[in-house]
Amino acid sequence: MFTPLTGYLTSVGASVPLVLQRSALVLQRPARCCTSGALAPAVAAVVGCLLMNDIALPQREVPDSLMLYGFWYRALPGKQVGGRRLQKTMLLETPLAIGRDAQGRAFALHDACPHRGMPLSHGVFDGQQVECSYHGWKFDGQTGQCKLIPSLTADQKLKIDRIYAGSYPCEEHDDFIWVFVPQPPPAGAGFTKATDAPMPAPRVPTFSEKYKLAYLTADLPCSVDHGIIGLMDPAHGPFVHQAWWWRSRDSIHEKQKNFEPIPNGFRMSAHTPSSNSAPYKLLRLYADAESITTTIDFVLPNLRLETIRAGKYWFSSLTTVTPITRSHCRIDVVAAWNIFRWLPLGPQLLKFVFAKFVEQDRQTMEQQSEGLKYNPHLMLIDDADRPAKWYFGLKAAHLEAKRTGGEMKHPLPGPVTLKWRS
Ligand code: FES
Ligand SMILES: [Fe+2]
């Protein structure tokens with residue numbers, strides 16, 4: 001799908017597990033496989049899908065669209081949240097009310113009152129507490145703890161401080177509010193005090209004190225899996241991302257890229273970017289650098305990091321594809337750079353380029369979704385779709401490790417070289 005300046009996260013694969021090594025892997029249907037929220041059936045489904053597809057070639061399907069809990073996700077651009085209004089949003093089919101307290105700190109509450117489910121986003125917020133619009137219960141914005149139940153009389157001793165509206169760890173940086181989405185409580189169970197996230201939210205890498213930052217966001221009418229495998233698909237570039245200032249369809253040529261495993265993901269090792277795109281030629285001239293190198297990482301659940309270094313100049317981006325529901329996701333690209341900082345229209349120019357790419361991808365996914373409605377038979381082929389196979393492998397390995405409490409078995413045992421034409 002989207003790759004600002006380089007190609008796509010493409011690549012390799014030395015020794016992937018047996019089930020992923022075949023030349024074509026057919027994606028399995030979600031409804032049949034993986035709609036259950038329970039972890040064990042879900043893992044079995046993912047693994048089962050991979051196996052089944054591998055053995056019996058034409059199979060019908062669609063990726064599993066399983067959503068991974070226990071990670072940070074981008075919720076909203078920070079500037080959409082402020083004042084006395086709670087902003088409604090959704091992550092992983094979890095409704096959220098996002099607000100900002102009087103000190104400017106963002107918070108995220110489950111958007112359903114623990115009394116009778118009224119969305120708290122309909123309530124009144126005073127900069128500290130949210131008052132539910134139905135019976136006036138009040139909750140602390142940051143902790144979700146209940147502070148007042150107006151209907152209680154003086155002699156009724158309900159311990160209201162034990163009542164919580166669901167509250168999620170929240171961080172804000174790089175112009176976005178991030179929310180940590182834990183495994184949901186069992187159906188029907190109430191919320192208790194929220195625990196801290198086990199790790200900080202991801203950030204866009206930066207390499208100098210001064211830099212510019214810009215972001216773009218687009219809704220995609222597809223499951224998170226199609227959004228993500230689109231991100232790491234090199235083969236659509238020449239067909240979807242043509243532009244006179246970028247590359248022509250005729251510039252397609254054979255490429256070879258090295259990949260290596262990294263924790264929870266894989267890396268397209270540092271390489272000199274493809275010579276068939278004009279911006280790179282320009283960058284080489286401008287930076288007057290001996291070498292330009294690009295590194296692209298994919299890390300679960302949904303992060304694509306790209307870093308380009310050319311002497312003292314750099315460009316980096318952190319792209320995420322966030323599951324909103326099983327059938328919808330959103331792509332957010334945040335880029336930082338110190339290249340062309342002197343150019344007055346630099347950010348606008350970059351935004352223009354990004355917007356063009358993202359829009360091309362969005363349109364493609366919209367058209368693809370028409371075809372997916374009828375549950376067609378799908379394939380992943382070597383080597384261009386190998387990263388997509390790794391993505392499914394990583395997801396299955398992560399879920400399996402969570403289920404067993406053991407170490408995650410990485411689908412890439414070591415460095416691999418992949419070849420394709422793009
Ligand atoms: S539903 Fe919120 S106070 Fe009753
Ligand atoms: Fe794309």
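The protein has seven helices and 21 strands. Helices (H or I, at least four residues) and strands (E, at least two) are DSSP runs, numbered from the N terminus. This is a predicted model: local features need pLDDT of at least 70, side-chain atom pairs count only at pLDDT 80 or more, and totals for chains, interfaces and linings use all residues. Residues are numbered from 1 along each chain as its sequence is written, and side-chain values use heavy atoms, with hydrogens and water left out.

Colleague: What percentage of the 422 residues is buried?

Modeller: Buried means under 20% relative accessible area, with a 1.4 Å probe and protein chains only. For the 422 residues of the protein, the buried share is 53%.

Colleague: Which percentage of contacts joins residues at least 24 apart?

Modeller: A contact means heavy atoms within 4.5 Å. The count takes contacts between residues at least 6 apart in sequence. Of these, the share joining residues at least 24 apart is 69%.

Colleague: Which residue in strand 21 is the bridge partner of Phe259?

Modeller: Two strands pair if DSSP finds at least two bridges between them. Strand 14 (residues 254–262) and strand 21 (residues 416–421) run antiparallel, joined by six bridges. In strand 21, Phe259 has as its bridge partner Val416.

Colleague: Are helix 3 and helix 7 parallel, antiparallel, perpendicular or oblique?

Modeller: Axes are lines fitted to C-alpha atoms, for helices over the stretch in contact, with angles from 0 to 180 degrees between N-to-C directions. Those of helix 3 (residues 224–231) and helix 7 (residues 386–404) come within 9 Å and cross at roughly 135°. Under 35 degrees counts as roughly parallel, over 145 as roughly antiparallel, 65 to 115 as roughly perpendicular and the rest as oblique. Therefore helix 3 is, to helix 7, oblique.

Colleague: Which residues of helix 7 make the contact with helix 3?

Modeller: Helix 3 contributes Asp225, Ile228 and Ile229. From helix 7 come Ala388, Tyr391, Phe392 and Lys395.

Colleague: What separates the C-alpha atoms of Gly393 and Pro411?

Modeller: Gly393 is found in helix 7. Gly393 is buried, with a relative accessible area of 8%. Pro411 is 18 residues apart from Gly393 along the chain. Their C-alpha atoms are separated by 5.7 Å.

Notes
Chains lettered and ligands numbered in written order. Buried < 20%, exposed > 50% of the residue type's maximum accessible area, 1.4 Å probe, protein only.
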